[in-house]
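Okay, thanks for coming, everyone. Let me put the structure up, and then I'll walk you through a few parts of it.

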Amino acid sequence: MMNFQGSHILSVSQFDRDAIARILDVSAQMAPYAARQKRCHVLDGAILNNLFFEPSTRTRVSFGTAFNLLGGFVRETVGEENSSLSKGESLYDTAQVISGYSDVIAMRHPKMHSVAEFAEGSSVPVINGGDGANEHPTQALLDLFTIQSEMSRFDKGLDNLDIVLMGDLKHGRTVHSLSKLLSLYKNVKVTMVSPNALQMPDSVLSTLDNAGHQVVVTDKIAGSLACDVIYQTRIQQERFESKEEADLYRGHFSLNKQVYQQYCKNHTVIMHPLPRDSRPEANELDTDLNELENLAIFRQAQNGVLVRMALFALTLGVENSLKDYERPVNWYTNKG
Amino acid sequence: MMNFQGSHILSVSQFDRDAIARILDVSAQMAPYAARQKRCHVLDGAILNNLFFEPSTRTRVSFGTAFNLLGGFVRETVGEENSSLSKGESLYDTAQVISGYSDVIAMRHPKMHSVAEFAEGSSVPVINGGDGANEHPTQALLDLFTIQSEMSRFDKGLDNLDIVLMGDLKHGRTVHSLSKLLSLYKNVKVTMVSPNALQMPDSVLSTLDNAGHQVVVTDKIAGSLACDVIYQTRIQQERFESKEEADLYRGHFSLNKQVYQQYCKNHTVIMHPLPRDSRPEANELDTDLNELENLAIFRQAQNGVLVRMALFALTLGVENSLKDYERPVNWYTNKG
Amino acid sequence: MMNFQGSHILSVSQFDRDAIARILDVSAQMAPYAARQKRCHVLDGAILNNLFFEPSTRTRVSFGTAFNLLGGFVRETVGEENSSLSKGESLYDTAQVISGYSDVIAMRHPKMHSVAEFAEGSSVPVINGGDGANEHPTQALLDLFTIQSEMSRFDKGLDNLDIVLMGDLKHGRTVHSLSKLLSLYKNVKVTMVSPNALQMPDSVLSTLDNAGHQVVVTDKIAGSLACDVIYQTRIQQERFESKEEADLYRGHFSLNKQVYQQYCKNHTVIMHPLPRDSRPEANELDTDLNELENLAIFRQAQNGVLVRMALFALTLGVENSLKDYERPVNWYTNKG
């Protein structure tokens with residue numbers, strides 16, 4: 001049995017297919033607790049330090065909620081201005097001190113590789129909640145979990161997947177990490193739909209090629225969207241050299257009900273890392289899709305709690321004793 | 001029996017007299033827990049997301065404390081700059097995501113009607129902690145609870161009340177909401193004491209008139225304060241067109257020991273929504289009244305915890321099982 | 001038996017030698033909980049309000065962690081901009097309200113004596129987490145606990161101690177408070193090593209003199225460091241009248257491996273209040289000492305949790321019932 005206890009979770013690259021399978025399996029076991037069919041207090045008395053040196057409401061709250069759902073306490077720090085780091089303290093020193101106040105740490109920081117540097121000074125497991133342009137491994141894991149979960153409704157899995165990655169593929173941290181994870185599976189078709197200026201980097205394309213996957217690169221949505229899953233990301237106007245160039249693309253990569261009906265399959269699932277820009281001029285993922293059953297974006301966000309619960313349970317070595325700490329939920333809920 | 005479970009608490013207008021009575025009754029049942037005579041863990045394992053997109057230390061801490069007093073965990077967000085809302089995310093999307101991380105949500109936001117808009121996307125009960133100039137229903141409920149509680153010391157109730165609302169009645173959200181609630185009771189006399197420029201809006205006066213109440217509008221305190229309750233609010237100099245006009249009123253509406261002794265009854269209770277400006281130039285509510293037994297302002301603030309505990313218990317459907325989850329308090333306290 | 005319950009902890013001056021001994025003794029009893037050999041839920045259901053009107057990540061998290069380690073809930077406020085204090089509310093009013101939401105309060109504030117002023121309005125114990133240039137009693141207590149704990153490895157105690165205080169002794173709040181505490185013990189030798197411009201104030205020197213201690217004042221490290229404990233603090237360039245004067249001292253008071261080997265004893269323990277500036281130009285406490293067993297700086301930081309746990313237990317009167325609320329730790333840890 002794979003053993004994660006005491007490990008840091010820093011990058012998707014640290015996992016092989018078996019490790020990923022274990023994480024996704026434990027994540028699935030968390031669903032009844034998050035859905036409030038029952039609750040679990042296996043980490044009663046444990047302390048998470050949730051260090052968000054770069055603010056991110058959604059990710060921060062998701063980590064904290066995940067820990068509370070397992071019964072643990074959460075201490076929290078938001079923003080670097082409140083931190084000794086601004087007085088010249090090294091990440092090593094900060095880690096020595098804060099890890100002494102913690103059983104596990106989740107950390108987000110704007111600087112690349114800062115979380116790994118911090119982890120070297122920590123006496124407890126550190127989970128990377130995003131280190132600048134580098135990695136956001138829990139996002140990639142929740143994306144993969146979502147694909148597996150959505151595909152299971154159609155008796156499909158992660159092998160033989162037909163997926164479209166769309167939008168700003170050059171700068172999107174989430175689509176890079178997800179591509180790395182997809183390279184662990186068999187016979188995947190990945191269609192990269194983006195403006196030419198925002199194509200997926202060659203290094204990512206090579207990883208998929210080396211895995212024997214079928215990779216299509218295009219700047220057209222017509223004919224490209226008849227797939228299992230579309231993973232949409234935002235195209236930001238400021239990524240282009242001129243407003244004119246941006247205008248050329250404005251709206252070409254927008255997903256809405258009409259596009260879905262014209263180009264997608266009946267079972268095509270739509271994902272998005274959120275937040276989405278819902279302003280009319282955003283042309284990103286239209287709210288007229290909100291009632292579509294295959295719009296998975298909110299289930300995807302909820303899955304983030306399951307994956308983070310799983311990582312806490314695995315790094316703290318309690319993944320096999322969850323059932324010994326179950327209790328009924330005695331308040332009203334309509335989630336289950 | 002009235003059933004609040006799963007409901008949003010958005011406005012005082014959503015309640016009739018029976019609903020209010022139920023809330024005040026459950027609030028009173030919370031007193032022994034807040035006074036630490038015993039404690040209650042009925043919400044052990046439940047999660048409140050306390051979303052303060054507009055900061056307000058007192059209200060935020062009061063909501064969080066209320067949830068902890070029932071045994072639940074609190075996740076917290078302060079300030080909009082930390083939020084996805086600033087990236088164009090709709091309140092609907094935010095609610096979809098955060099409600100998936102919560103059993104109940106308390107929310108304060110500077111924009112009118114934003115909390116109701118948020119509630120439409122939420123899968124769990126949302127309690128309005130103040131939405132700009134619109135509503136602050138838990139403040140109005142704690143004000144009403146305080147009047148009932150203080151009057152009970154004199155064998156009086158909410159019917160037949162003689163109350164003075166004083167200060168800036170034009171802009172004061174609290175006195176507007178309280179007036180709406182008073183219109184549910186019988187035979188109330190409401191005296192509105194304010195500078196002419198800051199009079200109570202006609203719509204509020206009409207509501208009281210329609211309820212058959214006796215309403216007096218005046219700009220003089222002499223002869224106006226011989227009542228059961230004075231609800232004092234702040235007059236802000238910047239509300240006037242000129243400094244000269246403000247100077248005319250400066251100090252005319254101040255409450256201090258001398259004014260109290262000259263104009264009030266022996267049993268007149270003083271309330272204030274707090275914070276009060278205690279600087280000498282404020283001329284608001286003098287600290288020489290601090291030792292007066294009928295100064296209810298700090299009891300009023302404590303009552304906020306009781307009312308918020310009641311709303312959590314009611315919306316989560318545990319109001320009838322409190323006694324099954326009681327435990328002794330085993331640390332030192334001098335509250336009880 | 002000394003009784004702290006219901007007391008405020010405002011200044012080291014409020015304790016005699018017996019009181020200090022009791023605090024250090026209870027602190028030592030907290031070690032197994034912080035080291036996760038077992039856990040303690042004696043304060044299950046209690047509420048700490050952790051009020052940091054001046055931000056300080058390390059101290060704030062340490063107080064919060066200490067309370068969680070005893071099983072209690074933590075409500076938190078960071079930064080004065082979120083507070084009613086900025087609207088003219090007095091510390092007395094704030095204390096009246098917030099203490100009604102709390103079982104105990106920890107408070108840090110930039111203004112001298114503000115915490116004592118606040119405590120006068122509080123109905124629950126208030127622990128000073130630092131009030132500007134005045135006091136930071138929990139830091140002084142953890143420093144003393146650390147000296148006692150480190151000396152015990154060499155069969156020594158607080159009497160007959162040979163200690164060096166080094167760096168900016170004029171402005172360093174920690175070395176002032178520690179000196180006051182040392183005056184309670186017998187036959188202590190205190191060597192004050194600092195630039196002449198940053199010497200220890202006369203009032204502190206007098207306190208040590210009056211206790212019959214041997215006091216040496218010098219601006220040279222050669223010959224001064226062969227002691228039991230060196231307590232290093234930062235010298236800040238902006239403290240000098242000119243850059244030239246600062247340059248004269250730059251590096252003269254730096255501790256590194258070479259200085260340690262040349263001037264210290266085998267058993268000399270190094271302490272520092274942290275954060276230390278780890279940038280190369282800081283010349284403060286070099287990272288080449290990180291592997292030295294006698295570098296106590298990180299143990300010192302951990303001891304802050306023990307001392308704060310002890311103060312919570314003592315002021316809440318549960319220090320004698322800790323063992324009745326012990327439970328096993330059922331997650332992975334490598335701390336114990």
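Let's start with helix α3 of chain A, residues 91–99, which is mostly covered, with eight of its nine residues buried. Quick word on terms: helices (H or I, at least four residues) and strands (E, at least two) are DSSP runs, numbered from the N terminus. And a residue counts as buried if 20 or more other C-beta atoms lie within 10 Å of its own, as exposed if 12 or fewer do, and as partly exposed in between, with the C-beta atoms placed from the backbone.

Before I go on: this is a predicted model, where local features need pLDDT of at least 70, side-chain atom pairs count only at pLDDT 80 or more, and totals for chains, interfaces and linings use all residues. Residues are numbered from 1 along each chain as its sequence is written, while chains are lettered from A and ligands numbered from 1 in the order in which they are written.

Back to α3(A). Its buried residues include A:Leu91, A:Asp93, A:Val97 and A:Ile98. So what covers the buried residues of α3(A)? From chain A, the cover includes β2 (47–52), β4 (104–109) and α4 (114–120), and from chain C, it includes α3 and α11.

That takes us to the contact of chain C with chain A, which takes 29 residues from each of these chains. In contact, here, is two residues whose C-beta atoms, placed from the backbone, lie within 7 Å. On the chain C side, α3 (57–69) and α11 (297–315) are the elements that give two or more residues. The largest share, seven residues, comes from α3(C). By class, that side of chain C has eleven nonpolar, twelve polar and six charged residues. For the classes, Ala, Val, Leu, Ile, Met, Phe, Trp, Tyr, Cys and Pro are nonpolar, Asp, Glu, Lys and Arg are charged, and the others, Gly among them, are polar.

How do chains A and B line up? Rotate by 120 degrees, with 0.0 Å of shift along the axis, and chain A superposes on chain B with an RMSD of 0.0 Å. That's the relation of a three-fold axis. In chain A, A:Phe73 has the C-alpha nearest the axis, 4.6 Å from it. The superposition is by least squares on C-alpha atoms of residues with pLDDT of at least 70 in both copies.

Chain A is assigned domain 1 (12–135 + 303–327) and domain 2 (138–298), with bounds from an automatic or database domain assignment. Between them, 19 residues of domain 1 are in contact with 15 of domain 2.
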